[in-house]
Amino acid sequence: MKTTKSVLPRNVTILGQPPVAVPARSKTATTAPAPDKFEKRRKVSITIGIGKDKEGADITEQQVNEKLATTGKLVFVRGFGGFTLTTNAGGWAAPSGELIVENSVTVSIVTDSLNIGVFRQTVTALAGELRDLFNQSCVLVEIAEVDAAII
C-alpha cells in the first residue's frame, strides 16, 4: 500500500481570526480506502444568500466574514464536529419574474447521526439560526444519506 506524507499545516487562520492549532495527524495516509471503511452517514447542506439581506441591503465582505466566523460556532454548539464552506454563484426567479443573480455560501456537514427525527430537528434549528444571522427570508436545506469515509 502506497503512503504519502501529510501536508497539513501546523496552524490555520480562518476568516481573519487568530491562528488555530491543527492537531497532529498521522505522518502517512493511504491512497485508497478499503471498501469496508465507507459507512452510511447523513449529509446536510445549508445554502445562504450573501449578496443582499431580506430588506435588499448589500452585505459587505467584512459582514460576511464575521457571520461565517459565527456560523462555525453555531455548527459546533449544535454538536457537529466539523463543516465545509463552499462559495457559490447562482440565480432564482423572484415572484415578479425577475431573475435574481447572487452569491451564496453553502455550509456542508457530514455526520453519523442516523436518527432522522432528532437530526432534522437539529438541522432545522441550525438553518433557522443561519437564516436569521444572515438576515435572509429563507435558506435552502438539503439532507441526503451518503456513503462516506475519512481517508
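Modeller: Asn135 sits in the loop between α2 (116-133) and β8 (140-148). Helices (H or I, at least four residues) and strands (E, at least two) are DSSP runs, numbered from the N terminus. This is a predicted model, where local features need pLDDT of at least 70 and side-chain atom pairs count only at pLDDT 80 or more, while totals for chains, interfaces and linings use all residues. Residues are numbered from 1 along each chain as its sequence is written, and side-chain values use heavy atoms, leaving out hydrogens and water.

The 18 residues of α2 should span 26 Å at 1.5 Å a residue. The end C-alpha atoms of α2 are 25 Å apart, which agrees. The expected span is 1.5 Å times one less than the number of residues.

Now the buried side. Buried means under 20% relative accessible area, exposed over 50%, partly exposed in between (1.4 Å probe, protein chains only). Among the buried residues of α2 are Phe119, Val123, Leu126 and Leu130. The buried residues of α2 pack against β5 (39-49), α1, β7 (99-111) and β8; contact means heavy atoms within 4.5 Å.

Phe119 is buried, at 1% relative accessible area. The structure holds two aromatic pairs (rings of Phe, Tyr and Trp, its six-membered ring, with centres within 6.5 Å; planes under 30 degrees apart are stacked, over 60 edge-to-face, the rest tilted). The ring centres of Phe80 and Phe119 are 6.2 Å apart and their planes are at 85°, so this pair is edge-to-face. The pair links distant parts of the chain, 39 residues apart: Phe80 is in the loop between α1 (61-77) and β6 (84-93), and Phe119 is in α2. Phe80 is buried too, at 8%.

Asn135 follows α2 and has a positive phi, near 55°. Most residues other than glycine have a negative phi. Asn135 is partly exposed, with a relative accessible area of 23%.
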